[in-house]
Amino acid sequence: MQIATWNVNSLKVRLPHVLDWLQTTGCDVLGLQELKLDNDANAKLVEEFKNIGYQFVYNGQKTYNGVAFISKHPIEDITLDIPGYDDIQKRVIAATVNGVRVICTYFVNGESIGSEKYQYKLEWLSKLHGYVSSQLQSHKRLILLGDYNIAPEPRDTYDPAIWEGQVLCSEPEREAFQKLIALGLIDSFRHFNQEDRQYTWWDYRNLAFRRKQGLRIDHLLVTPDIINVASSCVVDTAPRKLERPSDHAPVVITLNI
DNA sequence: ATGGCAGTGCCTCACTGA
């Protein structure tokens, strides 16, 4: 069973890439972020994915944000947003597939240190922590996946001299990431891969992808009960090489279940 | 030294992203 995360930066533009990728890889469950589509697009998308054998469930809004699941297997116990946190931005969808609880998230970007959006990011991170903590009480097999907008360590940026202390790399953001780890979660990519220069996002500018100038900001944090049945976690850079790509690449974990 | 790309919608500019 393969479970993946992918920030598509507009599903309207990237729909052909997503359809091709699902058919090429046979991925079982794909969590998407940044669909940038209102929920009125839902019926068309449900049909598009049904035609290739997948279910589609969406939590979206016009222009910004938006998260979704695409799955070959039944999507059960769907929860939208962070319960108890009043937030108009659509950043979270959770569901259970084949007994695995998957929380798909688009973390706040934060713009710059000290900005209002940065304050919102820190508040949102605190609310997410509470939600994940409560979900862990009832789910031993859990995956928190998505675009975290946090590079956990200096080696997760192509040039720490540029990025250290900036948004995505600041201490409060990294502490929030470590607080998720402290809940008992494991960074599944690092569990399998210690090599440097492994990224999931590359700026559209400056030929960043060709120059291998990226950040590792898309993650799958998993419980011990998941890592025990996992055999790999890889970044699939193939879609980043296509015409009109998303600036993010999918990250895929393979489970022996 | 600067800004450089991409997507959306209030669409020929502003906003957001990372």
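The side chain of His248 makes a polar contact of 2.9 Å with the side chain of Asp218. A polar contact is a pair of N or O atoms within 3.5 Å; within protein, one atom must be able to donate a hydrogen and the other to accept it, and residues adjacent in sequence count only if both atoms are side-chain atoms. The model is predicted: local features need pLDDT of at least 70 and side-chain atom pairs pLDDT 80 or more, while totals for chains, interfaces and linings use all residues. Residues are numbered from 1 along each chain as its sequence is written, chains are lettered from A and ligands numbered from 1 in the order in which they are written, and side-chain values use heavy atoms, without hydrogens and water.

His248 lies in the loop between strand S13 (230–235) and strand S14 (251–255). Helices (H or I, at least four residues) and strands (E, at least two) are DSSP runs, numbered from the N terminus. His248 is buried, with a relative accessible area of 5%. Buried means under 20% relative accessible area, exposed over 50%, and partly exposed in between (1.4 Å probe, protein chains only).

An unreviewed UniProt entry lists Tyr106, Asp147 and His248 under "active site". They span 143 residues in sequence, yet no two of their C-alpha atoms are more than 12.5 Å apart, so they gather at one spot. UniProt positions follow the numbering used here, feature names are shortened, and annotations may be inferred rather than shown by experiment. Asp147 sits in strand S8 (residues 142–147). Asp147 is also buried, at 1% relative accessibility. Beyond neighbours within four places in sequence, Asp147 is in contact (heavy atoms within 4.5 Å) with residues including Tyr106, Asp218 and His248. The side chains of Asp147 and Asn7 are joined by a polar contact of 2.9 Å.

DNA strand B has 25 residues around it; Ser10, Glu34, Asn109, Arg205 and Asn206 come nearest. A residue counts as near if one of its heavy atoms lies within 4 Å of the molecule or strand. Helix H1 gives the most to this surface, with three residues. Sugar or phosphate accounts for 74% of the atoms of DNA strand B within 4 Å of the protein, and bases for the rest. Phosphate oxygens of the DNA lie 2.7 Å from a polar side-chain atom of Ser10, 3.0 Å from a side-chain N or O atom of Tyr106 and 2.9 Å from a polar side-chain atom of Asn149.

Six strands form an open sheet in the order S3-S4-S2-S1-S14-S13, with mixed pairing. Two strands pair if DSSP finds at least two bridges between them. Strand S3 (55–59) and S13 stand at the edges with a single partner strand each, so one side of each is left without a neighbour in the sheet. Helix H1 (residues 11–25) packs on the sheet, and its direction makes about 160° with that of S1. Axes are lines fitted to C-alpha atoms, for helices over the stretch in contact, and angles run from 0 to 180 degrees between N-to-C directions. Strands S2 (residues 29–33) and S4 (residues 67–71) run antiparallel, joined by five bridges.

Strand S6 (residues 92–97) is mostly covered, with six of its six residues buried. Val92, Ala94 and Thr96 lie on one side, and Ile93, Ala95 and Val97 on the other. S6 pairs with strand S7 (residues 100–106) in the antiparallel sense over six bridges. The two strands form a hairpin with two residues between them, and Asn98 in the turn has a positive phi of about 50°.
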